[in-house]
Each structure stands twice: as C-alpha cells, then as structure tokens.
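Me: I would like a close look at the aromatic pairs here, and then at what surrounds them. Please keep it brisk.

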Amino acid sequence: MSAERLAGLTSWNADWRDLRVAVLGLSMTGFSVADTLAELGADVLVLSESAEEEYARLLPVIGARLEIGPMDEVPEALTTFAPEVVIASPGFAPAHPVIRWVQDAGIALWGDVELAWRVRDKVLRPDGTPADWVLITGTNGKTTTTQLTATLLVAGGLRAAPCGNIGVPVLDAVRDPAGFDTLVVELSSHQLWYLGLSRPEGELFPHAAVCLNLADDHLVWHGSAQAYRDAKALVYRNTRVACVYNKADEATRRMVEEADVVEGARAIGFDLGIPGPSDLGVVEGLLVDRAFLDDRARSALELTTVADLEAAGLSAPHIVQNILAASALARSLGVEPEAIHAALQTFRLDAHRIEIVARHAGITWVDDSKATNPHAAASSLRAYPGAVWVVGGDLKGVDIAELVADAGRTARAAVVIGVDRAAVVTAFERHAPTVPVFQVDAGDTGQVMNRVVEIAAGIVDGEGTVLLAPAAASFDQFSSYADRGHRFAEAVREWIDRGSADDAGGSPSAF
C-alpha cells in the first residue's frame, strides 16, 4: 500500500475497499474492529488463540475470515496474508512476538481507538460535524469518572455515550445510528500505547482530557514504570480546550506541562483543597468551580455539597476527586452547575466500588473488589481507617510494600488471600509488624470467601468494618474482580443467615 493511500484513510467515506487488514484478538473489541472493517469493504483476517462461539459464528457472516491457533510465534497465516495494516486488541503487549514482527516489517500498526477516530464521521451532528471526544485515563477511577462525565453531559442536554475501556467499544459508539454530541472515552494504558504509534493523520484531537492519577500498574505489560507513565501522558496530546489534572498528583501536572496541545487549551486543576483560579475544589463543605466563569479571580460557582454527596453514598475522598474531574470535563462543554447538582443527587456507583454489602451485628461489610492495585486500595483504606483489610491476589509484578507501610498501618488486621500471599505477609512483617495478619490458603475458589468472612467476623467480634480492597488482580482464583466481589457478598449473606458472629467458629489465630 502506498503511504499516500494510508494517509488518506481518515474518513468513513474514504476508499477502504480491499484493504488487507489483520485483526489480532477476537474479544468484544476485536469483533468491533472486524465488523467495522468488513462494513467498509476491507479484506479482513482475524487471528486469535481462542474465540467465543458467537464471534466465531458471526465472522463469516459479516465477510471476515478467522484463524484460530497459537500466537506465541508469528502465524504462517499472517505472513501469507501480507497485511497492509494490523489492528491489535489491547491485550497484545509491546514485547509480544507478533507485535515485534509487525513493527520490524514496517507494517502500519493501529489500535481500535485510532480506527474509530479515523472513521468518526460516519454519523454527524446536526451541524455536520463529528462528535467531540473527551478522554479519561488514570491508574484508578477511570470507569467511575467516565460514567459520571457522561451522566453530567446528558443532564446538561447533550447526547453523550460512555465507551472505550469501560466495556462498550469506541467503534460501536461511532457507528451508532442515533449519533452523539460527545463520546466520553475511557482509555487504558494499553490503548494509549497504541495511540502513541499513530502517524499524524491518525492522531486524536480531543475536546478535553484527564489523567486522574498515576501509580505503578501493568508494569509487566509495559516493561517499566516509565513506559507506563509515558503511555498515560499521551491522553493530553493535541487537546483543544481543557487539560484536566489532579493537583494532588504531581505526575499529572507534569504531564500537562509537557504535553503538545492545541494553542489555547487550558490547564484545569482539581483536588480536595481550596481551589485557585482555573481550578475546582472544596470550600467549607462545598464543591466549587473557579475555572469556568468570567470572574474566576474573585468568585466561584457551587456545584454540590459534601453533605449531599454523603447522602448519595458518594462522599469517599477518592470519589469526590472523581466528581470534581468529571465536573471539570462537563463544564468545559458548557454544562451548567445546576444540572451537575441535580445529576449527582441520583448517580450511584457501580457494584464492587466501595459498595456496602451489609451492616449486621455491628459489622459493616464493604466490597471494593475493583481496587485491583495498591493505589486504589490506598484510597479505600483512607475512606475506612481501622478496617479489617482483605488483601491479596495476583500482584501483577507490583510491590505492595509501600502501600502496607503507609495505609496498611491503619488496618485493624489483615486477611490475606491469593497466589501472592507470601509477598503480602512479608510486607506486613517488615513495614507494619503490629498489624495482626491471617492467611486464607483455601485451594477451592468456592471456599475462599467463606473462610475470609469467618476469620474477619471473629476479628471484629462486635463492631467495626471489614473491607475487601485486594490491591491485586483477581484471575489467580476468580474469573474477574466482579466474581470476587460477588463471592464475598454471598459469603457475607451466608454468615448473616447463620445468625451471628458467634457461629463463625470463634476468634482466629494469627499466622
């Protein structure tokens, strides 16, 4: 393929016919890519180690081919196909042999988000322009902030869709015949890494963007903390109006300072303190905006109150930060404070995000299974100081010592689960030796949480909080963080049905 033709593929109405495209991976995202390309008339080959039955059945129906087999080496089917473009699902890491082959061969390598940007004009707004894009990333809080932002935009009268890493492929939103004014796109560091490969014609120009926070995560995938940080920083590239950053996280401020943005784009800060001009923050129990008003040097606009957020179950400090970030994004698109206040009165967090499972016999049981890394778990521990902390799983190569030395010291006790229990126990021995530590070594997934609840109930024995905030991935013992949270909640309900903490078998013994 000539470089000129590739550079011209920046519209749904461009000539995509017979373009040879290899799609790596057949997840929800991979299928959305194949479906889009088939509709455009491209020649599509999908390669995957496995495939859900429904996707495998539909591919030939839409006109794409499927090759299932090992991907630890470059498949012969791929080299024979001689693709002009390869579009990889986010699970393919930079060091994957197929990705290395593609890059060494000089073949164009895209992610699904770049393809979505290139064809974003399929459905236009009444004024004849594509939807604005708002980009959201961060180590933690992405999904909540994406949902919040979309909710606030809809409350302000805009047609908005949350999509991307949140579970709805961006290409599905782009092709929705209903059309949108704004796409609120949650981006993982994996998706951002692929965007970093974009040629100029494939680069995004978002209306606004935010990196909520930065802490070590996905280090195995990226290869280093610096590579992970660099991927996250790409969220601000080419931002046109508002670069929203966390004033309490120096790394996000530096990202904005170093970003190559469109002239006139503003830096908008947020944190839980008193805001300066061009910031959002908290003053005497009020969430306020000092960024999107004319007289921001001397006045502020009230968005909501901490008391109202508490009534809605949204007052945990890290959730308030997410609300401020989402409000900044919404205000950049003209949503009025009154609409924000009204929307926050009815917004509720998803399951497994600091969700109170039950209050019984003096014990509050909290499910934050979504806290899959130390940074997220630290936020939960700050929201529930003195809790019995259920921690552990697959640490994904991340060192948990700093978390234990800091927030872990406030725990009443720790109940440790998962494949990396030894690392967690060692961290407590070294950095929080006064915190009692108990291990659950149940090999049967179905018994893990029952044992956790028995131990935790014996520790509390009267009044307190039990907090599931694992600081680790779930796939060592569970099918997902949601499965882990569901099993925790089921075990709590079974304990309640048995009548009292006395039925749990007495106080546990420390490891």
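How many aromatic pairs does a search of the whole structure find?

Reply: The model is predicted. Searching the whole structure gives eight aromatic pairs. One of them joins Trp16 and Trp110. The pair is edge-to-face, with 6.2 Å centre to centre and 85° between the planes. Trp16 sits in the loop between helix H1 (3–7) and E1, while Trp110 belongs to strand E5, so the pair ties together parts 94 residues apart in sequence. Trp16 has 0% relative accessibility, so it counts as buried. Trp110 is at 2%, and therefore counts as buried too.

Next come Trp193 and Trp221. Their ring centres are 5.9 Å apart and their planes stand at 85°, so this pair is edge-to-face. Trp193 lies in helix H9 and Trp221 in helix H10 (residues 219–222), so parts 28 residues apart in sequence are tied together. Trp193 has 18% relative accessibility; buried means under 20%, so Trp193 counts as buried. Trp221, at 11%, counts as buried. Trp193 and Trp221 also form one aromatic cluster with Tyr194.

In H5 (residues 97–104), the residues Val98, Ile99 and Val102 are buried. They span an arc of only 100° around the axis, which puts them on the same side of H5. The cover over the buried residues of H5 includes strand E1 (20–24), helix H4 (76–81), strand E4 (85–88), strand E5 (108–110) and helix H9 (189–195). Just after H5, Gly106 adopts a positive phi of about 75°.

Now the sheets. Nine strands make an open sheet with mixed pairing, in the order E7-E8-E6-E9-E10-E11-E12-E13-E14. Strand E7 (160–164) and strand E14 (301–305) are at the edges with a single partner strand each, so one side of each has no neighbour in the sheet. From one strand to the next, the twist averages 20°. Strand E6 (residues 132–137) pairs with strand E9 (residues 208–211) in the parallel sense, over four bridges. Val134 stands opposite Ala208 of E9. Helix H12 (residues 250–258) packs on this sheet and touches E9, strand E10 (242–246) and strand E11 (266–270). The direction of H12 makes about 155° with that of E10. Helix H14 lies across E6, E9, E10, E11, strand E12 (279–283), strand E13 (286–289) and E14. H14 runs at about 135° to E12.

Helix H14 leads on to the cores. The largest nonpolar core has 71 residues. Those with the most contacts inside it are Trp389, Val391, Ile400, Leu403 and Phe428. Helix H14 (residues 317–332) gives the most to this core, with nine residues. A second, separate core of 57 residues includes Leu19, Leu59, Leu135 and Leu214. Beyond its neighbours within four places in sequence, Trp389 contacts several residues, among them Leu403, Ala414, Phe428 and Leu467.

The bridge partner of Ala414 in E19 is Val437. Strand E18 (residues 413–416) pairs with E19 in the parallel sense over three bridges. Both belong to an open sheet of six strands with mixed pairing, ordered E15-E16-E20-E17-E18-E19. Strand E15 (355–360) and strand E19 (437–439) stand at its edges with a single partner strand each, so one side of each lacks a neighbour in the sheet. Neighbouring strands here are turned by 15° against each other on average, direction ignored. Strand E20 (residues 464–468) holds Thr465.

Note on methods
Residues are numbered from 1 along each chain as its sequence is written. This is a predicted model: local features need pLDDT of at least 70, side-chain atom pairs count only at pLDDT 80 or more; totals for chains, interfaces and linings use all residues. Side-chain values use heavy atoms; hydrogens and water are left out. Two strands pair if DSSP finds at least two bridges between them. Helices (H or I, at least four residues) and strands (E, at least two) are DSSP runs, numbered from the N terminus. Axes are lines fitted to C-alpha atoms, for helices over the stretch in contact, and angles run from 0 to 180 degrees between N-to-C directions. Buried means under 20% relative accessible area, exposed over 50%, partly exposed in between (1.4 Å probe, protein chains only). The arc is that of the directions from the helix axis to the C-beta atoms. Contact means heavy atoms within 4.5 Å. A nonpolar core is a set of buried Ala, Val, Leu, Ile, Met, Phe, Trp, Tyr and Cys residues joined through side-chain atoms within 4.5 Å. Rings of Phe, Tyr and Trp (its six-membered ring) pair if their centres lie within 6.5 Å; planes under 30 degrees apart count as stacked, over 60 as edge-to-face and the rest as tilted.
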